[in-house]
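Hi,

Here's the structure I said I'd send over. Have a look at it first, then read on for what turned up.

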Amino acid sequence: MWFTSWNSTTAAPMARLIRNIFFHSSTISPPVPPPLKFHHLRRIHAGNSLSASASVHSKPRKNKVKKVEKTSNSSVINQNKLSQVKRRTRSEKELDEETFLKHYGNDNSAPHVPVLLGEVLDVFASATLRSFLDCTLGAAGHSSAIIQAHSEMQVYVGLDVDPIAYQIAQSQLKGILHKESCDTAFALRVHTFLKNFKDVKSVLSEVADDRLACGVDGILMDLGMSSMQVNDAERGFSVLKNGPLDMRMNPKATLKAEDILNSWPADELGRVLRDYGEESNWYSLQNRIVKTRLHGGLHSTSELVDLIQNSTSRTKGRQGWIKTATRVFQALRIAVNDELKTLDDSIRACFESLSSGGRLAVISFHSLEDRIVKQAFLNIMNCSEVDGGGIEDEEGKRLCELRKINLDTVKEEAWIKQVIQGQNGTILTKRPITPSEKEEALNPRSRSAKLRVIQKA
């Protein structure tokens with residue numbers, strides 16, 4: 001009955017006494033109370049007048065945790081930015097601004113401004129180009145400069161699927177040939193074809209020139225749109241100019257962008273926007289486009305742009321809808337011209353058409369193209385991308401040892417920074433070369449260009 005005599009003053013000392021007796025008389029250790037969480041401290045303090053010191057100590061700890069997290073996030077962001085800078089190899093080529101403005105003006109009024117022209121000339125500067133193939137003639141800007149830089153050239157082959165570009169290129173080449181033949185004893189056989197670069201092997205077989213029997217010394221592929229195509233509203237390529245939803249590089253082709261928008265199944269339309277445009281809002285756009293079919297569909301670029309504007313958050317402003325529209329137009333153009341499916345095969349066909357020591361240069365303008373070019377090069381080399389190059393087997397290592405002298409010669413060229421060796425040759429651009437800041441300022445359309453180069457063993 002003595003338990004009834006306990007009160008608040010005697011209970012606590014008695015409890016301590018019983019606990020000490022119990023734990024000192026056994027091997028059991030007293031339980032360690034779990035650490036109190038900061039939010040527990042706050043709750044206890046509010047209800048039971050916890051000492052001020054506990055409350056004071058809890059605050060700095062919380063602030064310290066936040067500060068560490070903030071520093072950590074900032075560090076991650078800086079590391080990501082640094083990684084992007086490292087992966088980007090800006091051209092160190094000095095651009096002659098006076099010459100650029102003289103030939104192309106400062107208002108993009110020229111039919112086509114060749115991108116990375118100085119860098120492309122550097123790629124082939126050390127080579128003896130007795131034969132050269134331009135798979136994407138355009139307005140022959142690159143070809144004209146290369147022909148003038150290599151008086152030893154004997155055979156030139158150029159092709160383009162766009163008849164308008166083809167006509168402009170022929171006129172440009174005739175002017176260059178006439179000028180060169182007047183100045184020197186210049187003898188060059190020129191062959192041009194109105195064909196797609198996927199037909200490169202059949203084109204070369206049509207030339208039937210003995211000087212191509214061992215392959216072509218240099219090949220260029222410029223995958224970008226020319227200014228004359230973008231500026232022509234009737235072609236339907238421009239986001240900012242109203243015109244028909246065409247987007248065909250070859251006017252004789254049957255499929256148009258209008259057909260995809262108004263008649264393709266919804267899931268196929270969504271796939272095009274998602275995979276070819278890499279548009280995050282593809283599903284919403286797909287549904288809106290399908291709904292317009294109930295009211296006659298889309299038939300002009302301005303109608304498509306209006307739909308995109310109404311589908312884009314107003315908080316993103318003008319740049320928001322323009323970026324979305326650019327991705328949508330890119331996706332439709334790729335689908336209409338079946339660009340990506342033929343690119344990988346065409347790169348391999350071009351590489352196989354090179355002579356020993358010949359070089360293939362490819363200029364791409366968006367991530368999908370560049371990814372295909374990069375992977376195609378690695379597949380051709382039969383290697384994986386690792387620092388210092390990648391070789392899969394002993395035979396590959398042996399072949400690389402045999403090519404050490406050639407590799408040392410290649411590294412003497414100032415524009416080459418890092419290479420990847422493979423069984424069939426060498427990738428001379430581990431990281432793609434991008435335009436200099438001055439070129440981007442003078443020609444904004446060059447900002448997304450990436451140059452990759454591969455050399456055959």
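A residue is called buried under 20% relative accessible area, exposed over 50%, and partly exposed in between. Keep in mind that this is a predicted model.

So where does Lys 241 fall? Its relative accessible area is 35%, so Lys 241 is partly exposed. You'll find Lys 241 in the loop between helix 9 (227–231) and helix 10 (257–263). Leaving out residues up to four places away in sequence, Lys 241 touches Val 230, Asn 231, Ala 233 and Thr 301. Ser 300 sits 59 residues from Lys 241 in sequence, yet the two are 9.9 Å apart in space, C-alpha to C-alpha.

Now try Gln 229, which is in helix 9. Gln 229 has 4% relative accessibility, so it counts as buried. Its side chain makes a polar contact of 2.6 Å with the side chain of Asp 162. Beyond its neighbours within four places in sequence, Gln 229 is also in contact with Arg 235, Phe 237 and Met 249.

Next, the nonpolar cores. The largest one has 66 residues, and Leu 133, Val 157 and Leu 360 are among those with the most contacts inside it. Helix 14 (residues 317–337) gives the most to this core, with 10 residues. Where does the core lie? Domain 1 (97–222 + 340–383 + 413–456) and domain 2 (232–337) both give residues to it, so it lies between them. There's also a second, separate core of 30 residues, including Tyr 156 and Trp 415.

Cheers

Conventions. Residues numbered from 1 in each chain as written. Predicted model: local features only at pLDDT ≥ 70, side-chain atom pairs only at ≥ 80, totals over all residues. Heavy atoms only, no water. Core = buried A, V, L, I, M, F, W, Y, C linked by side-chain atoms within 4.5 Å. Buried < 20%, exposed > 50% of the residue type's maximum accessible area, 1.4 Å probe, protein only. Helix = DSSP H or I, 4+ residues; strand = E, 2+ residues; numbered from the N terminus. Domains from an automatic or database assignment. Contact = heavy atoms within 4.5 Å. Polar contact = N/O pair within 3.5 Å; in protein donor to acceptor, adjacent residues only side chain to side chain.
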